Amino acid sequence: MRLPANFTLIRLDEVGSTNAEALRRAAEGAAAGTVVWAGRQTVGRGRRGRLWVSPPGNLYCSIVLRPSRAPAAQISYVAAVALAEALEPWAAPASVRLKWPNDVLLHGGKVSGILLEGGADHVVLGTGVNVATHPADETRALRPTSLAAEGAEATVEAVLESYLDHLAAWVNRWEANGFAPVREAWLGRAVGLGEPIEVRLPRETIPGRFTGLDDDGVLLLATEGGTRRFAAGDVFVLTGEGAHAAHH
Ligand code: BTN
């Protein structure tokens, strides 16, 4: 497989979680650009303590980064933009969109998940892409989908190769030029921009209009009481593409 300069690939058939494995290796000194790629995971980690069901056929990878720029949390936008671009060869124009903070949507369904985890001097960027299969809809707030289900015939290897290419380019751009180009690219693909959304926190749901991101990547929500800013939470888009029934 072709890799960008300074990337090294560690290919495993099965692992608990590629994020856990990459964090362990990073703590032991693994270089930036170390990519842990597994064929399946037994305890894949999702955001907010959720499980990421990880059968064979999909992409599960975690990349060790040692960013020279802060805040490292911006890498989740860097990764989302890179992944959106990476999927374009297999998708219809404008069918790949982004939902705050880092969900990549294909035809409005969630096709991937990004989980950034940090150590003292390194971060691990975990990415799952549903290439062949996706979990059942069940109670999920956002309809899951896969490349295959949307009619895209891609191999896991080709998706990883494309992702690493775009990621290397976007990490360099972010380190050299800061968040502004990332923000612009992210907003250019965002669902719900200028529209009514709900931000859900563990104990509160706040309705408002999604007006954009600030210079650091904080979500701006125009509410009746004025503009509120969110660094974390789940966004529910209420209209247009990416809209879905909220469940209670
Ligand atoms: C989400 O909840 O949307 C984020 C899911 C992140 C899943 C990926 S799969 C590869 C990496 N290893 C993990 O354990 N999780 C991430």
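How much area do domain 1 and domain 2 bury between them? In this predicted model, the two domains bury about 1500 Å² between them, and 56% of that area lies on carbon and sulfur atoms. The domain assignment of the protein chain places domain 1 at residues 8–187 and domain 2 at residues 196–246, and the centres of the two domains, taken over C-alpha atoms, are separated by 23 Å. To the contact between them, domain 1 contributes 19 residues and domain 2 contributes 22 residues. On the side of domain 1, Arg48, Trp100 and Ala141 lose the most area to domain 2, and together they account for 39% of what that side buries.

Polar and charged groups also take part in this interface. Three salt bridges are counted between domain 1 and domain 2, and six residue pairs are found in polar contact across the interface, with both residues of each pair at pLDDT 80 or more. Strand 4 (96–99) and helix 4 (179–187) each supply at least two residues to the side of domain 1 that touches domain 2, and helix 4 gives the most to that side, with four residues. By residue class, the side of domain 1 that touches domain 2 divides into nine nonpolar, four polar and six charged residues.

Arg48, which is placed in the loop between strand 2 (34–41) and strand 3, has a positive phi of about 55 degrees although it is not a glycine. Trp100 is joined to Pro101 by a cis peptide bond with an omega of about 0 degrees, and Pro101 is found in the loop between strand 4 and strand 5 (103–106). A cis peptide bond also joins Ala70 and Pro71, with omega at about -5 degrees; Pro71 has its place in the loop between strand 3 (59–65) and helix 2 (75–87).

Strand 10 in turn runs antiparallel to strand 11, to which four bridges join it, and here Arg209 stands opposite Ala222 in strand 11. The hairpin of strand 10 and strand 11 has five residues between the strands, and within that hairpin Gly217 takes a positive phi near 105 degrees. Strand 11 (residues 219–223) and strand 12 (residues 226–230) likewise run antiparallel, joined by five bridges, and they form a hairpin with two residues between them; Leu219 stands opposite Phe230 in strand 12.

Over the whole structure, the search finds 18 salt bridges. One of the salt bridges is formed by Arg2 with Asp165, whose closest N and O atoms are 3.1 Å apart. Because Arg2 lies in the segment before strand 1 (8–15) and Asp165 in helix 3 (residues 156–177), this pair ties together parts that are 163 residues apart in sequence. A salt bridge is also formed by Arg47 with Asp234, for which the closest N and O atoms are 3.7 Å apart.

Technical notes. Residues are numbered from 1 along each chain as its sequence is written. This is a predicted model: local features need pLDDT of at least 70, side-chain atom pairs count only at pLDDT 80 or more; totals for chains, interfaces and linings use all residues. Side-chain values use heavy atoms; hydrogens and water are left out. Domain bounds come from an automatic or database domain assignment. Contact means heavy atoms within 4.5 Å. Buried area is the accessible area (1.4 Å probe) that two parts lose on being put together, summed over both. A salt bridge is a side-chain nitrogen of Lys or Arg within 4 Å of a carboxyl oxygen of Asp or Glu. A polar contact is a pair of N or O atoms within 3.5 Å; within protein, one must be able to donate a hydrogen and the other to accept it, and residues adjacent in sequence count only if both atoms are side-chain atoms. Ala, Val, Leu, Ile, Met, Phe, Trp, Tyr, Cys and Pro count as nonpolar, Asp, Glu, Lys and Arg as charged, and the others, Gly among them, as polar. Two strands pair if DSSP finds at least two bridges between them.
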